[in-house]
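The sequence and the structure are shown first.

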Amino acid sequence: MTSTIQAIPEEIYDIELEHSLLEANAKLARQNRALLDQHDVVAIDIMGAIGSGKTTLITRLVERLKARLGVAVFNGDATTAHDTDLIAAQGVPLVQIATVNGCHLDANLVGKGLERMDLDNLDLILIENIGNLICPAEFPLGSASRMVVVSVTEGPYTVKKHPHMFLGADLVVLNKMDLVHAMEFDVPQFQRDLHTLKPGVKVLTTSCKSGDGLDELATMLTTRALSKYA
């Protein structure tokens, strides 16, 4: 069963009046992180543009992870619940967060989602942010890591046009590699742009159609989630 949370405009306005929006969000994000750490749960904030393939990627990852870990998904969407159908079929705890035309998730909404989770039985929460390469970068949610998903269909200048999104990323996934030749996408140039901006950031290539790279990504997330037991 999918649980749904909808943003209430008055709450957002109250935050803006009481403090600066970013400051208030940062405080709530720290509270979320403390709660997650208390229960030994790792949350990953998954960001990317509309059409980058975030939902399908998360679904493929859940298929691989649910037998290894206690995994849940928060699905952020401005108005619809279409993306939740694929994930709901995996039978893992799922919260849909409707931002009511908002361009990003915020720590307040994620905190409400955490209240609905049995955190003692979870190891990993995958948080799908709103499809946007600008706003989510400024609003931490309390996650342990941030992952940016980029599709080869988005063109060659994504990193240069949206540096703030990539500066905050721990991992970048270059997705839809089955289309790389058709799009004449220059993967080495993309990697050079990224490492010029943020040296050492991890880059993985994936294709949800062929399955390439998905096992490696799933293993990386498993290692991250289970590191609490090391």
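In which loop does Asp118 lie? The model examined here is a predicted one, and in it Asp118 is found in the loop between α5 and β5 (124–131).

## Asp118

With a relative accessible area of 44%, Asp118 is partly exposed; the range for this class runs between 20% and 50%.

## Overall architecture

The chain contains 9 helices and 8 strands. Its radius of gyration is 17 Å, close to the 17 Å that the globule rule gives for 230 residues, so the chain is as compact as a globular protein of that length. Along the principal axes, the C-alpha atoms fill a box of roughly 50 × 40 × 35 Å.

Of the 230 residues, 49% count as buried. Among contacts in the chain with a separation of 6 or more, 74% are made by residues 24 or more positions apart.

## Packing of α2 and α5

Two packed helices are described by the angle between their axes and the distance between the axes. For helix α2 (residues 21–38) and helix α5 (residues 107–115), the angle is about 25° and the axes are 8 Å apart. Because angles under 35 degrees count as roughly parallel, α2 is roughly parallel to α5. The crossing in which α2 passes α5 is left-handed.

On the α2 side, the contact involves Asn25, Leu28, Ala29, Asn32, Leu35 and Leu36. These residues meet Ala107, Asn108, Val110, Gly111 and Leu114 of α5. By class, the residues of this contact comprise 7 nonpolar and 4 polar, with no charged residue.

## Gly113 within α5

Gly113 is located in helix α5. Is Gly113 buried or exposed? Its relative accessible area is 0%, and residues under 20% count as buried, so Gly113 is buried.

When neighbours within four places in sequence are left aside, Gly113 is in contact with Ile5, Phe74 and Val95. Between Gly113 and Leu174, which are 61 residues apart along the chain, the C-alpha separation is 28 Å.

## Packing of α3 and α9

Helix α3 (residues 54–65) and α9 have axes that come within 10 Å and cross at roughly 65°. The range of 65 to 115 degrees counts as roughly perpendicular, which means that α3 is roughly perpendicular to α9. This crossing of α3 and α9 is right-handed.

From α3, the residues Leu57, Arg60, Leu61, Arg64 and Leu65 take part in the contact. Their counterparts in α9 are Leu214, Asp215, Leu217, Ala218, Leu221 and Thr222. The contact of α3 with α9 is made up of 7 nonpolar, 1 polar and 3 charged residues.

Thr206 belongs to the loop between β8 (202–205) and α9 (214–226). Thr206 is buried, its relative accessible area being 0%.

Which residues are in contact with Thr206, leaving aside its neighbours within four places in sequence? They include Leu57, which also takes part in the contact of α3 with α9. Leu214 and Leu217 are likewise in contact with Thr206, and both are α9 residues that meet α3.

Definitions and conventions
Residues numbered from 1 in each chain as written. Predicted model: local features only at pLDDT ≥ 70, side-chain atom pairs only at ≥ 80, totals over all residues. Heavy atoms only, no water. Axes fitted to C-alpha atoms, helices over the stretch in contact; angles between N-to-C directions. Helix = DSSP H or I, 4+ residues; strand = E, 2+ residues; numbered from the N terminus. Parallel < 35°, antiparallel > 145°, perpendicular 65-115°, else oblique. Left-handed = near helix turned anticlockwise from the far one by under 90°. Contact = heavy atoms within 4.5 Å. Nonpolar A, V, L, I, M, F, W, Y, C, P; charged D, E, K, R; others polar. Rg over C-alpha atoms; globule rule 2.2 N^0.38 Å. Buried < 20%, exposed > 50% of the residue type's maximum accessible area, 1.4 Å probe, protein only.
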